[in-house]
Each structure stands twice: as C-alpha cells, then as structure tokens.
Amino acid sequence: MDFLELAKERFSVRSYSPKPVEPEKVAKILEAAQVAPTATNSRPQRVYVLQSPEALEKIRRVSKSTYEAPLVFLVCSDKDRAWKSRYVEGYDSGEMDASIVCCHMMLEATALGLGSLWVLLFDPAKARVEFDLPESVRPHCLLCVGYKGQEAMPNPKLHEVYRPRDEWVCEL
C-alpha cells in the first residue's frame, strides 16, 4: 500500500476487540517510533507501553478516552534530552518530537491491520503520579491501539471532509 492509501485508510477507532496485540506487532510499532525523526536527532521520546491489567487500570483512571483498548502507549518527552531553541526563549522540541513519534506509531499500527486513537483528553499531572514519571519526563499524548471492534468505522463527516487546499496552502 502506498503512503497516501495508508494515510486515508487510518481513522480514529473508539471500539476495540479484547484480543491482545501480538508482541511482534508491538515491537514493529516501537521500531516505527525509534526511526522517527527528531530535532537534531536528540531522541527525547519516552514511550510507556501499557498493556498489563494494572497499567491499563491506571491509564483508565487518567483518561476516560481509552475505549477499552488492549494496548495504550503513553508518549512523553524528556526535557533534558530535547533540543533547545536559541531563537525562542524557553522553547524545546519535546512536544513536537513526541508528536512525530506518535504519528509514526499510529501509521505503523494501521499498516499492521490495527486500529488506533490519538488521545489528548487526559490529565498529564495525574499520569505523572499514576506512573511515577521522573520530573524531566512530560506526558504529551496517549495512543490507544488494538484490533478494531465490530462497531468501529470512520465517521464520514470527519474522515472524508477536507478543507479546500486554497484555504490552507500559501504559494509565494
């Protein structure tokens, strides 16, 4: 499948089968995270693989938006490793790098026949406490992954409606 087909096939899944994701597929998703580009190759990402019943119970206390996914990645960055801008005071690449990593993971999950959901609706402070994250580690997003449930289907109003290019592309 070419990249645009893959990108168009992917949609936000909010219904998962309880079937666990095989370890080899988890490894491929993590490999996709590993090869993702980051600013100055600083690799500030820190990815927590949540699949044990205890870890899933904790993440469900942090967010109601995991939809019983059998696998959730807590995608973070380590501010001590992130590239620091010399042009914008106080800015570092951590959130941007974590987003690139998460996008690679999400698309690899799709390529492997899995569904996914990128979740921002969670309390990072609560995640920090539940998972005893080091002070330098900042939680940015959750990536729910699993086999699609029977009810999983793209919302045509959201998935197939695109803003016209001339509204967002500026040619100079």
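Helices (H or I, at least four residues) and strands (E, at least two) are DSSP runs, numbered from the N terminus. With that in hand, let us walk through the model, which is predicted: local features need pLDDT of at least 70, side-chain atom pairs count only at pLDDT 80 or more, and totals for chains, interfaces and linings use all residues. Residues are numbered from 1 along each chain as its sequence is written, and side-chain values use heavy atoms, with hydrogens and water left out.

Side chains of opposite charge can pair when their charged atoms come close. Glu57 counts as exposed at 51% relative accessibility, while Arg61 is partly exposed at 38%. Here buried means under 20% relative accessible area, exposed over 50%, and partly exposed in between (1.4 Å probe, protein chains only).

Arg61 has another partner, Glu130, and the closest N and O atoms of that salt bridge are 2.7 Å apart. This pair links distant parts of the chain, since Arg61 belongs to helix H3 and Glu130 to helix H5 (residues 124-130), 69 residues apart. Through shared partners, salt bridges join Glu57, Arg61 and Glu130 into one network. Glu130 itself counts as buried, at 18% relative accessibility.

Elsewhere, Asp78 and Arg46 meet in a salt bridge of 3.7 Å, N to O. Asp78 lies in strand E2 and Arg46 in strand E1, so the pair ties together parts that are 32 residues apart in sequence. Asp78 is buried, with a relative accessible area of 9%, whereas Arg46 is partly exposed at 32%.

Now to the interior. A nonpolar core is a set of buried Ala, Val, Leu, Ile, Met, Phe, Trp, Tyr and Cys residues joined through side-chain atoms within 4.5 Å. The largest one holds 23 residues, and Leu50, Ile59, Val72 and Leu74 touch the most other members. At least two residues each come from strand E1 (45-50), helix H3 (53-62), E2, strand E3 (115-119) and strand E4 (137-146), with H3 giving the most, four residues. A second, separate core of 20 residues includes Val26, Ala33, Leu71 and Ala109.

Between H3 and E2 runs a loop that contains Tyr67 and Glu68. Tyr67 has a positive phi of about 50 degrees although it is not a glycine, and the phi of Glu68, also not a glycine, is positive and near 60 degrees. Tyr67 is partly exposed at 34% relative accessibility, and Glu68 is exposed at 57%.

Our last stop is the loop between E2 and H4, where we find Asp92. How far is a polar atom of the Asp92 side chain from the backbone nitrogen of Gly94? The separation is 2.8 Å. The side chain of Asp92 also joins that of Arg138 in a polar contact of 2.7 Å; a polar contact is a pair of N or O atoms within 3.5 Å, where, within protein, one must be able to donate a hydrogen and the other to accept it, and residues adjacent in sequence count only if both atoms are side-chain atoms. Asp92 is buried, with a relative accessible area of 13%.

Technical notes:
Salt bridge = Lys/Arg side-chain N within 4 Å of Asp/Glu carboxyl O.
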